[in-house]
Amino acid sequence: MKYSFIIPVYNRPDEAGELLGSLTRQSYKDFEVIIVEDGSQLPCRDICDKYAAKLDLHYYMKPNSGPGQSRNYGAERARGEYLIILDSDVVLPEGYLKAVNEELTRQPSDAFGGPDCAHESFTDTQKAISYSMTSFFTTGGIRGGKKKLDKFYPRSFNMGIRRDIYQKLGGFSDMRFGEDIDFSIRIFKAGYSCRLFPGAWVWHKRRTDFRKFFRQVYNSGIARINLYKKYPESLKIVHLLPMVFTLGVIFLILLAAATLNLIPLIPVVLYALIIFFAGTAAEHSPHIGILCVAAAFTQLMGYGFGFIEAWWKRCVRGKGQFSAFEKNFYS
């Protein structure tokens, strides 16, 4: 067995069904699928039963412990030479695993990952969020398949690693946020290689509304400080930009209000126009272009607020990872 897909699921039976359906259509067939139900109140066992005859599928139910520990649970039961970690809200094109296998045949790699994009069936909000997460004007394009990277850190929505290396490193840590970046950092620190496979992309649904998206990126801002406390060298200038953007927008709005003058808002408006026109061109829809503006500001400022609060609680007040964010960890 060459590949084992590890998929933690929490209260998302319909999405799990879509992902399993896409796995049945893979042109490369040497793989197994391990579904780990992470204490769901809405289990996907019935969905898995429907695909049991079409896939080498193994379903496990366990108490809730978060996605990282659920991936470890699945990895302990996997047989493949390579483990491929997916989030339950992705769908695979039929050539996904073929692209992975061709890359590994061309040049072996210890760990790898691929980009994501929006499917035409996604809602306009999902397309806007996907644009924001992959655009040059928000993330520099590093999550949209950009090849020229100093180091590529695979993310857990689309991540592969040799099973023996996974076992040597102990899998994912108990970090609640940023556990995939933590794992990628440990892969590099152990002297192993990670590569971006541009052809091994997935359709990633992400969040379905801006409130959930804000919480996601807010937690990402928290994760960046948690990673900094664990690996000080991991914090780069680029990680500070959302915080600078957030403070800058707030300052310009307050300045405009204090002076009763709209001129200070010109940089904010110009940035919004850039996102609007770029998003409209990318998605061929002015309506989605408008939503792209909302998504970009939600992404950058949500991350910025999380980063600032985490910095204040952990770096200034000296609180620990769990005590600083007990509500977020256990709610």
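Tyr-166 and Phe-172 are both buried, where buried means under 20% relative accessible area with a 1.4 Å probe, counting protein chains only. Before going further, please note that this is a predicted model, in which local features need pLDDT of at least 70, side-chain atom pairs count only at pLDDT 80 or more, and totals for chains, interfaces and linings use all residues. Residues are numbered from 1 along each chain as its sequence is written, and side-chain values use heavy atoms, leaving out hydrogens and water.

Back to our two rings. Their centres are 6.1 Å apart and their planes stand at 65°, so Tyr-166 and Phe-172 pair edge-to-face; rings of Phe, Tyr and Trp (its six-membered ring) pair if their centres lie within 6.5 Å, with planes under 30 degrees apart called stacked, over 60 edge-to-face and the rest tilted. Tyr-166 also pairs edge-to-face with Phe-183, at 5.3 Å centre to centre and 85° between the planes. This second pair links distant parts of the chain, 17 residues apart: Tyr-166 belongs to helix α7 (residues 163–169) and Phe-183 to helix α8 (residues 179–189). Helices here are DSSP runs of H or I with at least four residues, numbered from the N terminus. Phe-183 is buried, at 0% relative accessibility.

Phe-172 has another neighbour to look for: Arg-71 lies over its face, 4.8 Å from the ring centre. For Arg, this requires CZ within 6 Å of the ring centre and within 35 degrees of the ring normal. Arg-77 sits likewise over the face of Tyr-60, at 5.6 Å.

Elsewhere, Tyr-3, Tyr-28, Tyr-82, Phe-112 and Phe-197 form one aromatic cluster.

Definitions and conventions. Buried < 20%, exposed > 50% of the residue type's maximum accessible area, 1.4 Å probe, protein only. Helix = DSSP H or I, 4+ residues; strand = E, 2+ residues; numbered from the N terminus.
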